[in-house]
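Please keep the sequence and the 3D view at hand while reading.

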Amino acid sequence: MAQTRKLEKQAQIKSSPEKLFDVYKNKTDLMPKISPDKLRSIEVIEGDGKSVGSVRLWTYFLGDSVVAKDKIDAIDEGNKSITFDIIGGEVTRYFARYKATIQLVSTGQNNFVKWSVEYEKMNEQVPDPHPQLDFLITMAKEVSWH
């Protein structure tokens with residue numbers, strides 16, 4: 001039986017949690033414009049691209065040009081978090097299950113983005129997804145600058 005694992009990473013951001021949450025929930029079309037060297041496109045395949053059940057195709061650069069198909073699994077307005085279930089693309093070659101959650105928080109005068117990924121490797125030779133987690137943090141920090 002495969003073991004579910006979890007990685008988490010947090011970083012300080014410039015914008016308010018509300019602003020960055022709004023971009024990730026409602027304005028993902030801005031992200032390739034803000035960070036074209038990392039993100040080529042986000043295409044809505046099913047739904048409106050903003051609500052639970054929507055499916056999107058992300059084309060991004062992680063060494064090479066890669067794709068990921070995600071399904072919005074949960075949106076928590078109160079906690080400013082969104083969970084994405086990765087259902088296609090390169091990630092699914094290596095992971096039987098891969099869910100990523102972004103949460104945006106304020107602590108005093110500081111604002112933070114926290115990404116967590118829950119995953120099951122296809123086999124033990126598959127490395128933990130640290131590069132993917134670093135990519136998610138870097139993207140959120142870049143988007144928060146705008």
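## Basis and conventions

Helices (H or I, at least four residues) and strands (E, at least two) are DSSP runs, numbered from the N terminus. By this assignment Glu120 lies in strand 7, which covers residues 110–121. The model is a predicted one, in which local features need pLDDT of at least 70 and side-chain atom pairs count only at pLDDT 80 or more, whereas totals for chains, interfaces and linings use all residues. Residues are numbered from 1 along each chain as its sequence is written, and side-chain values use heavy atoms, with hydrogens and water left out.

Glu120 counts as buried because its relative accessibility is 17%, the term buried meaning under 20% relative accessible area, exposed over 50%, and partly exposed in between (1.4 Å probe, protein chains only). The side chains of Glu120 and Thr4 are joined by a polar contact of 3.1 Å; a polar contact is a pair of N or O atoms within 3.5 Å, where within protein one must be able to donate a hydrogen and the other to accept it, and where residues adjacent in sequence count only if both atoms are side-chain atoms. Glu120 and Arg97 are 23 residues apart along the chain, yet 5.1 Å separates their C-alpha atoms.

Asn111 also has its place in strand 7, and with a relative accessible area of 14% it is buried. Its side chain makes a polar contact of 2.7 Å with that of Ser106. When neighbours within four places in sequence are left aside, the residues in contact with Asn111 (contact meaning heavy atoms within 4.5 Å) include Ala11, Gln12, Ile13, Val105 and Ser106.

Helix 4 comprises residues 130–144, and its 15 residues reach 21 Å from the first C-alpha to the last, close to the 21 Å expected at 1.5 Å a residue; the expected span is 1.5 Å times one less than the number of residues. Among the buried residues of helix 4 are Leu133, Phe135, Leu136, Ile137, Met139, Ala140 and Val143.

A nonpolar core is a set of buried Ala, Val, Leu, Ile, Met, Phe, Trp, Tyr and Cys residues joined through side-chain atoms within 4.5 Å. The largest such core has 36 residues, and Tyr24, Met31, Val113 and Trp115 are those with the most contacts inside it. Helix 4 gives the most to this core, with seven residues. Leaving aside neighbours within four places in sequence, Met31 is in contact with Val23, Tyr24, Leu39, Ile42 and Trp58, and also with Met139 and Val143.

## Cavity and pocket

On a 1 Å grid over the protein atoms alone, a cavity is a set of points where a 1.4 Å probe fits but cannot get out, while a pocket is an open set with protein on both sides within 12 Å along at least five of seven lines; lining residues have an atom within 4 Å of a point. Grid points are joined across faces, edges and corners, and a volume is the space filled by probe spheres set on the points. One cavity of 30 Å³ or more is found in a search of the whole structure, and the volume of the largest cavity is about 310 Å³. It is lined by 18 residues, of which Trp58, Tyr60, Ala68, Ile86 and Leu136 are the closest to its centre. Helix 4 provides the largest share of this lining, four residues.

The largest pocket has a volume of about 240 Å³. Its lining holds 13 residues, with Leu62, Glu90, Tyr94, Phe95 and Gln132 the closest to its centre. Strand 3 (55–62), helix 3 (91–94) and helix 4 each supply at least two residues of that lining.

Phe84 lies in strand 5 and is buried, with a relative accessible area of 4%. Its C-alpha atom is separated by 5.3 Å from that of Asp73, 11 residues apart along the chain. Not counting residues up to four places away in sequence, Phe84 touches residues including Arg56, Ile72, Asp73, Tyr98 and Trp115.

Lys80 is found in the loop between strand 4 (64–76) and strand 5 (81–89) and counts as buried at 18% relative accessibility. Most residues other than glycine have a negative phi. Lys80, although not a glycine, has a positive phi of about 50°. Lys38, in the loop between helix 2 (31–34) and strand 2 (39–46), is buried with a relative accessible area of 17%, and the residues that it touches, not counting those up to four places away in sequence, include Tyr60, Phe135 and Met139.
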